[in-house]
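Please examine the sequence and the structure shown below. The account that follows is meant to be read alongside them.

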Amino acid sequence: MIPYLTRRTLQGILVIWLISVATFVMMRLMPGDPVYLLLGEGEIRITQEQIDAIRRRWGLDRPYHEQYLIWAWNLLRGDFGDSLIRVGVPVRDMIFEAVPVTAKLNLIALAIALVVAIPSGILAAVRRNSFFDYLTAVGATLGVALPNFWLALMLIVLFVLYVPRWIGELPLVGRIPPFGLPGWQGYILPVLVLSTEQMAVLARVMRASTIEALGTDYVRTAYAKGLPRLTVILRHAVRNALLPVVTVIGYRIAFILSGTIVVETVFALPGIGRLFTDSVMRLDYQVVQSLVVLLAVLVVAANLLTDLAYAFVDPRIRIE
Amino acid sequence: MARQPLRRRPMALSRRQFLRMVALGGPTAAFLAACAAPAPPTAGEGAAAPGEAPAAQPAAGPKYGGKMVWMGHQEVAGLGPDDTGPTVQWVMVVNIHNPLVTVNEFNELENVLAKEVQVSDDGLTYTFKLHEGVKFHDGTEFTAEDVKYTYDYYRNPDNGASIAGDFTGVGSVEVVDKYTVVVRMDEVNAASLVSWATTPIVHSRYHAEVGEEKYRTAPIGTGPYKLKEWRPAEFTELEAFDDHFRGRPYIDILRQDVVPEPSVRYIALQSGQADSAVWPLLVEDSIALEQDPNFIVYRTLANSIKHFPLNNSLPQLAEKEVRQAMMYALDRQRIIDDLWNGAAQVSHSNLTPASPYHRADLKRYEYDPEKAKAMLDAAGWVVGDDGIREKDGLKLSFTCTTITGDQARRPIAELAQQLLKEVGIDMQLAEAPVASILQGMREGTMDCSLFNWTYGSAVEPDPFSTLHSEGGNNFAQYRNPRMDELIEEGLKRVKFEDRKPIYDEIQEIFVEDVPVLYLQFDEWMNVFNSRIKGLPENPKNGSAIYQQAYKWWIEE
């Protein structure tokens with residue numbers, strides 16, 4: 001176990017280092033110069049002296065390798081540098097303010113998706129070709145097919161404009177805000193959008209893997225032994241059918257960023273998805289680089305945890 | 001809790017005065033004339049001196065209290081004078097700070113911290129008499145030292161401020177006494193009052209103590225509102241400053257939320273969860289709200305022209321006949337009607353019709369594709385086998401790069417592409433982030449783009465930045481010695497009647513040379529919930545409205 005963890009950790013460090021170099025190089029290769037963005041429109045004359053002063057102030061006049069080393073060294077010491085755009089605000093603060101928003105959104109969405117998708121997937125598999133199975137299939141197809149952007153806007157129109165006109169304020173919930181996080185109500189619509197797609201994907205995977213498990217020899221043997229149906233399904237079929245679901249969950253962590261960009265933009269939520277797109281568009285080097293490295297760490301860790309989870313779910317898998 | 005209202009000290013010219021002055025000599029002259037004889041506040045007008053107890057609240061009229069929510073499209077990245085570039089930031093900065101003078105919502109210069117401005121006849125000395133008893137948010141008194149400190153800090157190139165260029169021509173800033181500042185110019189800069197004199201004044205001691213970076217996150221100004229809470233990507237919340245020198249603002253809380261998606265801004269206005277959109281909605285949504293009695297929608301003409309800057313240094317775009325032919329090939333009214341819901345005016349000059357320098361008698365390029373073809377034929381550009389014109393082996397082809405994700409303007413480029421193709425001109429389309437375009441156009445490595453930019457504003461006609469060969473934003477790489485000479489001369493003259501002939505000729509050359517394909521002046525549409533009272537009548541500058549928030553109140 002320990003040699004395996006050490007090997008995987010070293011591999012992870014190598015991957016993170018390569019990603020940090022690649023991100024640094026890509027940001028510098030992107031056409032455009034942040035100095036021109038900083039200068040803005042209000043200039044009567046822009047002198048070279050002025051451009052040089054801004055470059056000096058942000059360390060952009062140093063050779064690239066020096067810029068990388070300074071940034072990487074500072075990052076290792078926990079100093080993420082300063083934002084070019086949000087002057088005076090440390091990048092670390094920007095990221096650590098954004099992470100909880102995205103994390104909460106995704107965790108709640110995932111929890112809801114699991115609670116709905118796993119029982120639905122199992123039930124659909126056990127009652128194949130029933131009305132419930134067809135309903136799950138239609139729901140899952142719609143959930144995957146509906147673009148997040150469209151769904152988000154439709155939900156806002158429905159819950160912010162029409163529901164209050166039709167029935168007034170919702171009991172227990174009250175008024176749902178169209179954007180931002182003025183209270184817990186702000187999470188309702190974004191979580192609904194995010195969980196819809198996850199629910200659809202997970203329900204389909206769960207249904208397929210349960211059907212597969214139900215057809216295996218060990219399930220037949222369990223039935224032959226005279227075990228009750230529920231016990232066979234839950235203890236023998238479902239436990240094995242969960243493996244692909246765990247894989248999908250681990251795999252989807254890498255897509256948190258792309259999944260939340262749209263949702264965070266439409267609902268004006270200050271999460272990492274919006275921070276990332278804003279920073280890329282405005283060439284805020286330090287923010288993009290630090291965020292990508294942080295996400296790389298997250299993905300590497302999630303992959304490791306997924307592999308460890310296999311051993312827990314399936315005792316036949318041994319970590320060595 | 002309702003608080004007692006104050007009537008406000010008159011700080012600006014009346015509309016009628018201004019128009020009369022414009023007729024006589026332009027806005028700067030009007031401003032200076034008014035400044036020379038300022039109307040002192042009188043007890044009869046109910047003006048309150050700083051710290052004075054407010055008068056009794058009348059039965060009807062302004063009310064104190066409440067919260068007004070604005071919406072912007074992008075984060076408020078900083079709150080100092082160097083953050084005034086983006087509109088969503090400027091509206092917050094000018095509510096926290098005050099400049100000596102400002103350009104108000106009627107495009108007039110208006111005194112703020114200065115109660116009197118004198119400009120010497122040679123245009124080299126500006127003397128500002130300041131209001132006395134003005135307080136910063138921490139209770140410290142505002143003095144001439146704060147003005148000197150602010151100007152000296154932001155014009156010093158070593159400090160790397162992006163607004164350093166605004167101080168072009170400033171030689172020194174001198175404190176004469178506690179309430180008098182003199183700015184001496186090394187060279188005349190007629191644009192002075194609308195550039196450096198509009199810089200918000202910082203609390204000198206505090207700024208020196210905490211430094212620029214910290215200051216931008218926790219500013220202390222003399223403005224009607226002080227910073228309450230700032231979450232750049234979420235919202236900026238300001239609260240009324242009780243000791244503001246023009247009287248306490250009526251509305252208790254001003255808040256700007258960051259809402260990137262225009263449809264969501266529209267829904268938030270409709271549902272009453274926001275009162276105004278600082279950054280406009282989609283044109284069709286604004287038009288829809290114009291019909292709704294619950295909203296007030298202001299249409300103001302933008303200073304900037306929506307245009308295709310063309311890289312004049314490219315051989316295929318270097319001939320003015322080619323550029324003129326392109327103007328004839330573009331159906332600009334169709335672009336406005338089909339793609340902009342009619343909310344714009346075709347531009348026939350580099351200056352907005354709102355400018356007193358605007359000329360209406362210039363050559364016009366009405367849509368005439370046959371004339372465009374004839375002009376190109378005459379210039380030796382013949383149609384090749386592929387339908388694209390060429391001359392001496394050179395194709396009349398170039399690439400227009402629009403801003404990535406700019407869904408509003410991209411269709412304009414697509415329609416222009418079709419229209420130009422009809423006369424044998426090939427315009428390819430590409431997309432790039434705004435930073436790439438700014439760099440590419442400034443350095444001349446890109447062929448063409450599409451955006452809105454000013455070539456002289458309604459208040460100050462100077463187009464140095466965009467049309468002078470040394471201009472920092474000369475995206476067209478335009479070089480015309482006569483234009484350079486006129487622009488330099490225009491900046492050296494202060495009086496309207498001296499400047500007018502210069503800007504007349506500049507407009508004439510602009511229209512003749514066509515350095516850029518100028519399309520339209522957009523109508524900027526700002527929406528307000530009708531519960532907000534005290535709003536101006538017929539403003540001419542949409543974003544400038546927001547600096548007057550201290551005059552508004554809420555009536556449910």
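The model is predicted, and local features need pLDDT of at least 70, while side-chain atom pairs count only at pLDDT 80 or more and totals for chains, interfaces and linings use all residues. Residues are numbered from 1 along each chain as its sequence is written, chains are lettered from A and ligands numbered from 1 in the order in which they are written, and side-chain values use heavy atoms, with hydrogens and water left out.

Chain B contains 15 helices and 23 strands; helices (H or I, at least four residues) and strands (E, at least two) are DSSP runs, numbered from the N terminus. Of its 556 residues, 62% count as buried. Here buried stands for under 20% relative accessible area, exposed for over 50%, and partly exposed for values in between, with a 1.4 Å probe and protein chains only.

In soluble globular proteins, nonpolar side chains tend to be buried together. A nonpolar core is a set of buried Ala, Val, Leu, Ile, Met, Phe, Trp, Tyr and Cys residues joined through side-chain atoms within 4.5 Å. The largest such core has 179 residues, and the members that touch the most others are B:Trp70, B:Phe308 and B:Trp552. Leaving aside residues up to four places away in sequence, B:Phe308 touches a set of residues including B:Cys400, B:Ile412, B:Met427, B:Leu450, B:Val516 and B:Leu519. A second, separate core of 38 residues has B:Val101, B:Tyr154, B:Tyr206 and B:Ile220 among its members.

Side chains of opposite charge can pair when their charged atoms come close. A salt bridge is counted when a side-chain nitrogen of Lys or Arg lies within 4 Å of a carboxyl oxygen of Asp or Glu. Over all chains, the whole structure holds 44 salt bridges. One of them joins B:Arg531 and B:Asp275, whose closest N and O atoms are 2.7 Å apart. This pair links distant parts of the chain, 256 residues apart: B:Arg531 sits in the loop between β21 (516-529) and β22 (532-533) of chain B, and B:Asp275 in the loop between α6 (262-270) and β11 (276-277) of chain B. Both B:Arg531 and B:Asp275 are buried.

Other pairs lie within a single helix. In helix α9 (residues 332-339) of chain B, B:Asp338 and B:Arg334 are 4 residues apart, about one turn of the helix, and their closest N and O atoms are 3.4 Å apart in a salt bridge. B:Asp338 is exposed, with a relative accessible area of 51%, whereas B:Arg334 counts as partly exposed at 32%. B:Lys500 and B:Asp504 likewise form a salt bridge, with the closest N and O atoms 2.7 Å apart. These two residues are separated by about one helical turn because they are 4 residues apart in helix α15 (residues 496-513) of chain B. B:Asp504 counts as buried, at 19% relative accessibility. Elsewhere, B:Lys67, B:Lys228, B:Glu237, B:Arg255 and B:Asp257 are joined into one network by salt bridges that share partners.

At the interface, 47 residues of chain A are in contact with 56 residues of chain B. The buried area, which is the accessible area (1.4 Å probe) that two parts lose on being put together, summed over both, is about 4,400 Å² between chain A and chain B, with carbon and sulfur atoms giving 59%. There is 1 salt bridge between these chains, in which the side chains of B:Glu75 and A:Arg86 meet at 2.8 Å, N to O. On the side of chain A that touches chain B, the elements giving two or more residues are α2 (34-39), α3 (48-57), α7 (148-167), α11 (256-266) and α12 (272-281) of chain A. Of these, α7(A) gives the most, with 6 residues.

Most residues other than glycine have a negative phi, and most peptide bonds are trans. A:Ala268, in the loop between α11 and α12 of chain A, has a positive phi near 50° and is buried, with a relative accessible area of 2%. B:Gln477 has a positive phi near 55° and is located in the loop between α13 (464-467) and α14 (481-492) of chain B. At 13% relative accessibility, B:Gln477 also counts as buried.

How values were computed. Contact = heavy atoms within 4.5 Å.
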